[in-house]
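Biologist: I am new to this structure. Could you walk me through how to read it, feature by feature?

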Amino acid sequence: MKKLIRSVIVLFFLFFFENLTFAQGWMSLTNPLGMGENSMTGKVIFVSPTEGWITTRDGNFLHTIDGGTNWVVVDPSPNDTDFCFSDPSITMDWVGTTHGWNIVTIGNMDSAVGAAVYKTTNGGINWTRQVLSNEVGVLGIELQFTDVNHGWVLLFSFTGLPKFLRTTDGGTTWNEFNGAGIFYFIDNNVGWAYSGAGPTGTEPPHKII
């Protein structure tokens, strides 16, 4: 199953880049990681008109301070083995220019052994790593923050039920909440979630309050 997911993601991105066309006002930038499976990127966030971040499949970041003309690789923890799914690209979030988070899966694509969150409070100069799970088959899928204190994560399990965690202190502590799938919060209290579960394989979005 994991190999199938990886193959589908690779084929999608190869097709996308080979058939990419741009509307008026857009310009093409070269991926600094090159092409192929190892160059996959995920979510893009710009925290100012010139400074931006992109997640990469090996748990690192691409960082620019000149609007995307030049990118450098930022490794938040060079001694750890982590990876991120390029799709869905919902693993990273920033509040302002200083506070950023990224959820990763511990291990590699063929051997997931938990999830961890990287956090910075000084614009990516330093990162701290917090392990949320050391369970075999658990992956870090999604992370979102609405301010520097309130955030949510989704952990997927190949062997059990997904787990949803919430923090109100910037990620220092996490507690379970009643999630319903891939989520999006518009403030600290109101959000929506979508799950593909159900008798027909689909369900309408759920509102979380």
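Biologist: Let us start with contacts. Leaving aside its neighbours within four places in sequence, which residues is His 99 in contact with?

Modeller: This is a predicted model, so keep that in mind throughout. His 99 is in contact with Asp 93, Trp 94, Thr 120, Thr 121 and Val 148, once its neighbours within four places in sequence are left aside. As for its place, His 99 belongs to strand β7, residues 99-108.

Biologist: What joins the side chains of His 99 and Thr 98?

Modeller: A polar contact of 2.8 Å. Thr 98 itself sits in the loop between β6 and β7.

Biologist: Is Thr 98 buried, exposed or partly exposed?

Modeller: Look at relative accessibility. Buried means under 20%, exposed means over 50%, and partly exposed is in between. Thr 98 has 32% relative accessibility, so Thr 98 counts as partly exposed.

Biologist: Which residues does Thr 98 touch, not counting those up to four places away in sequence?

Modeller: Thr 98 touches Thr 120, Thr 121, Asn 122 and Gly 123. Take Thr 121: it is 23 residues from Thr 98 along the chain, yet their C-alpha atoms are separated by 5.2 Å.

Biologist: Trp 94 was in the list for His 99. What does Trp 94 touch, not counting residues up to four places away in sequence?

Modeller: Ten names come up: Ile 45, Val 47, Trp 53, His 99, Gly 100, Trp 101, Thr 120, Gly 123, Gly 124 and Trp 127.

Biologist: Now the core. Which residues of the largest nonpolar core touch the most other members?

Modeller: That core has 13 residues, and Trp 53, Phe 61, Met 92, Trp 94 and Trp 127 touch the most other members. Two or more residues each come from β6 (92-95), β7 and β8 (111-120).

Biologist: Aromatic rings next. How is a pair of them described?

Modeller: By two values: the distance of the centres and the angle of the planes. In this structure there are 14 aromatic pairs. One of them joins Phe 61 and Trp 127, with 4.7 Å centre to centre and 15° between the planes. Planes under 30 degrees apart count as stacked, so this pair is stacked.

Biologist: Where do Phe 61 and Trp 127 lie?

Modeller: Phe 61 is in strand β3, residues 61-64, and Trp 127 is in the loop between β8 and β9. The pair therefore ties together parts that are 66 residues apart in sequence. Both Phe 61 and Trp 127 are buried.

Biologist: How are the rings of Trp 152 and Phe 185 arranged?

Modeller: Trp 152 and Phe 185 are stacked too, at 3.8 Å centre to centre, with 5° between the planes. Trp 152 lies in strand β11 (residues 151-157) and Phe 185 in strand β14 (residues 182-185), so the pair ties together parts 33 residues apart in sequence.

Biologist: Are Trp 152 and Phe 185 buried or exposed?

Modeller: Trp 152 counts as buried, at 1% relative accessibility. Phe 185 counts as buried as well, at 3%. Ring pairs also link Trp 152, Phe 164, Phe 177, Phe 183 and Phe 185 into a cluster.

Biologist: On to sheets. In what order do the strands of the open sheet with β1 stand?

Modeller: The order is β1-β2-β3-β4, with antiparallel pairing. The edges are β1 (41-46) and β4 (72-74), each with a single partner strand, so one side of each is left without a neighbour in the sheet. Neighbouring strands here are turned by 25° against each other on average, direction ignored.

Biologist: How many bridges join β1 to β2?

Modeller: Four, and the two strands run antiparallel. β2 covers residues 52-56. Within β2, Gly 52 stands opposite Phe 46.

Biologist: And what is the order in the open sheet with β10?

Modeller: It has four strands, in the order β10-β11-β12-β13, and the pairing is antiparallel. β10 (138-145) and β13 (175-176) stand at the edges with a single partner strand each, so one side of each lacks a neighbour in the sheet. Two bridges join β12 (residues 163-167) to β13. Leu 165 has Glu 176 in β13 as its bridge partner.

Biologist: One last residue. Is Ser 133 buried or exposed?

Modeller: Ser 133 has 7% relative accessibility, so Ser 133 counts as buried. Its place is in strand β9, residues 128-133. A polar atom of the Ser 133 side chain lies 3.1 Å from the backbone nitrogen of Glu 135. Leaving aside neighbours within four places in sequence, Ser 133 is in contact with Ile 106, Val 113, Gly 114, Ala 115, Val 138 and Leu 155.

Terms used:
Residues are numbered from 1 along each chain as its sequence is written. This is a predicted model: local features need pLDDT of at least 70, side-chain atom pairs count only at pLDDT 80 or more; totals for chains, interfaces and linings use all residues. Side-chain values use heavy atoms; hydrogens and water are left out. Two strands pair if DSSP finds at least two bridges between them. Axes are lines fitted to C-alpha atoms, for helices over the stretch in contact, and angles run from 0 to 180 degrees between N-to-C directions. A polar contact is a pair of N or O atoms within 3.5 Å; within protein, one must be able to donate a hydrogen and the other to accept it, and residues adjacent in sequence count only if both atoms are side-chain atoms. Contact means heavy atoms within 4.5 Å. Buried means under 20% relative accessible area, exposed over 50%, partly exposed in between (1.4 Å probe, protein chains only). A nonpolar core is a set of buried Ala, Val, Leu, Ile, Met, Phe, Trp, Tyr and Cys residues joined through side-chain atoms within 4.5 Å. Rings of Phe, Tyr and Trp (its six-membered ring) pair if their centres lie within 6.5 Å; planes under 30 degrees apart count as stacked, over 60 as edge-to-face and the rest as tilted.
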